[in-house]
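Visitor: I have a structure to read and would like to learn how to go about it. Could we take one feature at a time?

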Amino acid sequence: MLFHAEVLITPREGVLDTQGKAVQKTLTHLGYSGIDEVRVGRIVRMKLEAADAASAEKSVKSMCEDLLANELIETFAITVKEAVK
């Protein structure tokens, strides 16, 4: 079966997010107020073949642990959906 997977990778709480700080500072300079915190992450989307959704999620989790995310400083959330034919 074909699945669509999406991984949201963000800095762990307590880890300095220099991109987030830069975005927050720039937004403030542009006149936006009330911004308490900005965190910048990334999204990885993929299509993959797997026997079922659980197998697809397990495979994507392994990819995150091996390559996509640095678990010392980042967290990740996985969403898997069956591809519509």
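Guide: Start with a single residue and its partners. Leaving out neighbours within four places in sequence, I78 is in contact with E6, V7, E57, V60, K61 and C64. Keep in mind that this is a predicted model.

Visitor: Where is the place of I78?

Guide: I78 sits in strand β3.

Visitor: Is E57 buried, exposed or partly exposed?

Guide: Compare its relative accessibility with two cut-offs: under 20% is buried and over 50% is exposed. E57 has 40%, so E57 counts as partly exposed.

Visitor: Let me move to V7. Which residues does V7 touch, not counting those up to four places away in sequence?

Guide: The list for V7 is R42, I43, V44, V60, C64, F76, A77 and I78. Now look at the list from the side of I43, which lies in strand β2. With residues up to four places away left out, I43 touches E6, V7 and L8.

Visitor: How far apart are I43 and A77?

Guide: Their C-alpha atoms are 9.7 Å apart in space, and 34 residues separate I43 and A77 in sequence. As for accessibility, I43 has 47%, which lies between the two cut-offs, so I43 is partly exposed.

Visitor: Why look for a core at all?

Guide: The general idea is that nonpolar side chains tend to be buried together in soluble globular proteins. In this structure the largest nonpolar core has 13 residues, and A5, V7, L48, A56, V60, I78 and V80 touch the most other members. At least two residues of this core come from each of β1 (2–11), β2 (42–49), α2 (53–68) and β3 (74–82). The largest share, 4 residues, is supplied by β1.

Visitor: What pattern does the protein follow along the sequence?

Guide: The pattern is β-α-β-α-β, made of 2 helices and 3 strands.

Visitor: Can we look at the other helix?

Guide: Take T26, which lies in helix α1 (residues 18–29). T26 has a relative accessible area of 44%, between the cut-offs, so T26 is partly exposed. T26 and A54 are 28 residues apart in sequence, while their C-alpha atoms are 41 Å apart.

Visitor: What share of the residues of the protein count as buried?

Guide: Of the 85 residues, 24% count as buried. The protein exposes about 6200 Å², and 55% of that area is supplied by carbon and sulfur atoms.

Visitor: How far apart are the mean positions of the positive and negative charges?

Guide: The protein has 11 positive and 13 negative charges, and their mean positions are 4 Å apart.

Note on methods
Residues are numbered from 1 along each chain as its sequence is written. This is a predicted model: local features need pLDDT of at least 70, side-chain atom pairs count only at pLDDT 80 or more; totals for chains, interfaces and linings use all residues. Side-chain values use heavy atoms; hydrogens and water are left out. Buried means under 20% relative accessible area, exposed over 50%, partly exposed in between (1.4 Å probe, protein chains only). Accessible areas come from the Shrake-Rupley method with a 1.4 Å probe; for residues, only the protein chains shown count as cover. Lys and Arg count as positive and Asp and Glu as negative; His and the chain ends are not counted. The place of a charge is taken as NZ of Lys, CZ of Arg, CG of Asp or CD of Glu. A nonpolar core is a set of buried Ala, Val, Leu, Ile, Met, Phe, Trp, Tyr and Cys residues joined through side-chain atoms within 4.5 Å. Contact means heavy atoms within 4.5 Å.
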